[in-house]
Amino acid sequence: MVARMFDPEVLTLARDVALRFLDGLPTRKVRATASIDALRASIARPLPDLGVAGREVVAELERLLDPGLVATPGPRYFGFVTGGTLPAALAAEWLTAAWDQNAYGHIMSPAASVVEEVAASWLLDVLGLPAQASVGFVTGGQMANFTCLCAARYEVMRRAGVDVDVTGLHGAPELRVFVGEQAHVTITNALRMLGIGSRHVFQVPSDEQGRMRTPELAVALRGGRGPAIVCAQAGNVSTGSFDPLGEVIDAAHAAGAWVHVDGAFGLWAAAHPKLRALVAGFEAADSWAVDGHKWLNVAYDSGFAIVADASAHRSALRVVAAPYLVQSEHTARDGSDWVPESSRRARGVAVYAALRVLGRQGVADLIERCCSHARRMATGLERLAGATIVNDVVLNQVLVRFDANDVESSDRLTHAIIERMQHEGVCWAGPTRYRGRAALRIAISNWSTTEADIDLSIAAIARAARECREA
Ligand SMILES: Cc1ncc(COP(=O)(O)O)c(C=O)c1O
């Protein structure tokens with residue numbers, strides 16, 4: 001007989017390791033301290049024949065991996081668009097792992113089914129989206145875009161008399177997709193995965209903040225006929241700007257097109273009464289992609305694919321029946337109806353916990369606090385000699401450039417300052433190119449960031465800039 005070998009001490013040890021990491025976040029270097037080569041040298045080894053005790057594994061994981069960890073959940077990590085993890089959401093993730101429920105269908109876990117139902121309705125409520133919209137709990141913005149565009153492809157083709165389940169896109173009328181010039185790369189990836197090649201994708205010009213120009217969209221839409229999808233954006237990954245959603249949706253709907261809004265982080269503006277103007281009209285779109293692991297501050301991986309017409313969503317994504325899979329006939333939620341995956345963890349638990357611990361007011365405060373930090377960061381940085389804030393700071397993104405004699409030396413200087421700042425380790429933000437020029441890209445989306453963290457970071461960037469100019 002196999003011995004029952006559950007050692008609760010393994011979990012206690014893991015909790016202690018986690019708490020040490022979390023406690024250290026405000027003070028440890030934000031970057032990893034070990035290189036990839038050093039990590040390989042210490043971690044890589046052939047698979048041993050014999051296993052060891054779980055306690056040993058946990059201790060080993062801390063010892064070997066800690067030098068390669070980045071303080072991404074910490075208060076001064078401003079790279080990409082990275083949220084922290086609310087303690088209650090993290091606790092919910094621990095429970096999710098312990099419970100190990102399969103959120104595929106209600107039959108596997110009534111709890112997972114209902115918690116997703118509730119979390120979905122709270123999400124729609126806090127974002128001000130139509131209550132009858134459907135929500136798929138996916139891994140993040142990429143899969144949210146993919147899932148929504150899959151529903152869009154299904155529905156616009158259905159309206160054109162094509163059943164993509166039967167024919168795919170073979171022999172179907174041309175599907176035209178319109179995206180802003182600065183659409184996120186995950187839109188392009190999603191379209192590729194859906195078999196919509198770049199020849200069928202029209203890039204609509206954007207203004208200097210990266211917002212789609214509606215008159216050009218309207219002209220482009222008039223230039224053809226047949227099924228069409230327009231991908232708008234709420235929250236440009238560089239500038240934080242918003243496409244004029246109301247106008248885009250009006251123009252697209254007038255042409256019979258489906259409108260998808262990629263609002264991976266920017267859609268959260270809808271949760272704050274004062275910021276809601278940025279997304280004005282957005283609720284009339286057909287689908288929306290938004291992340292949980294960015295601004296809602298739940299752990300990776302968590303995103304939401306939201307579709308106004310639930311039947312289009314379900315028709316495109318549902319699992320085609322198999323004899324052993326009991327389906328709900330709509331009496332209970334089957335999580336797999338709304339996402340590309342089949343088995344998966346119960347992502348809704350952490351989303352429930354985050355929304356429950358914050359409440360409507362807490363979500364609004366979190367969003368506004370990050371925006372206010374972004375404004376403070378921009379004000380502090382623009383005082384530095386030769387620094388230019390490149391974007392209108394309308395949300396949580398700040399783009400800053402450091403100028404030298406000419407464009408090339410400004411780009412070099414900007415990169416040098418970024419590297420020095422990253423190496424010092426007080427804060428971390430990454431480089432980008434915006435409209436052909438190098439810039440430092442700062443995104444603030446963490447619940448635990450304080451004004452003091454912003455001031456420390458401004459001082460660190462100022463130090464890096466001074467040292468680079470003196471070098
Ligand atoms: C506008 C936008 N869309 C999509 C994504 C992709 O999200 P994810 O990395 O969660 O897949 C991002 C990521 O930053 C984003 O900013």
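## Cysteines

A disulfide here is a pair of cysteine sulfur atoms within 2.5 Å. C427 is also buried, at 1% relative accessibility; buried means under 20% relative accessible area, exposed means over 50%, and partly exposed is in between, with a 1.4 Å probe and protein chains only.

This is a predicted model, in which local features need pLDDT of at least 70 and side-chain atom pairs count only at pLDDT 80 or more, while totals for chains, interfaces and linings use all residues. Residues are numbered from 1 along each chain as its sequence is written, and side-chain values use heavy atoms, with hydrogens and water left out.

How many disulfides does the rule give? The count comes to zero. Select C371 next: this cysteine is in no disulfide, and the nearest cysteine sulfur, in C370, is 6.9 Å away. C371 is buried, with a relative accessible area of 0%.

## The ligand

Now select the ligand and the residues around it. A residue is near a molecule if one of its heavy atoms lies within 4 Å of it. Which residues come nearest to the ligand? Of the 16 residues around it, they are G141, Q142, D262, H293 and K294.

Show the polar contacts, which are pairs of N or O atoms within 3.5 Å; within protein, one atom must be able to donate a hydrogen and the other to accept it, and residues adjacent in sequence count only if both atoms are side-chain atoms. At G141, a polar backbone atom is 2.8 Å from an oxygen atom of the ligand. At D291, an N or O atom of the side chain is 3.0 Å from a ligand oxygen. At K294, a polar side-chain atom lies 2.8 Å from an oxygen atom of the ligand. Taken alone, the ligand exposes 400 Å², and the protein buries 83% of that; these accessible areas come from the Shrake-Rupley method with a 1.4 Å probe, and for residues only the protein chains shown count as cover.

Colour the shell by class. Four residues are nonpolar, nine are polar and three are charged. In this scheme Ala, Val, Leu, Ile, Met, Phe, Trp, Tyr, Cys and Pro count as nonpolar, Asp, Glu, Lys and Arg as charged, and the others, Gly among them, as polar. Helix α6 (residues 141–159) gives the largest share of the shell, three residues. Helices (H or I, at least four residues) and strands (E, at least two) are DSSP runs, numbered from the N terminus.

Go to T96 in helix α4 (residues 87–99). Is T96 buried or exposed? T96 counts as buried, at 5% relative accessibility. A polar atom of the T96 side chain lies 2.7 Å from the backbone oxygen of A92. Not counting residues up to four places away in sequence, T96 touches Q101, R345, A346 and V349, where contact means heavy atoms within 4.5 Å.

Move to D100, in the loop between α4 and α5. Its phi is near 50 degrees, a positive value in a residue other than glycine, and D100 counts as exposed at 63% relative accessibility. Then select F80, in the loop between α3 (54–65) and α4. F80 is not a glycine, yet it has a positive phi of about 45 degrees. F80 counts as exposed too, at 55% relative accessibility.

D301 lies in the loop between β6 (287–291) and β7 (303–307).

Next comes P227, in the loop between α9 (214–222) and β4 (228–233). P227 counts as buried, at 8% relative accessibility. Leaving aside neighbours within four places in sequence, its contacts include V156, M157 and A160.

Finish with A131, in the loop between α5 (110–127) and β1 (134–138). A131 is exposed, with a relative accessible area of 70%.
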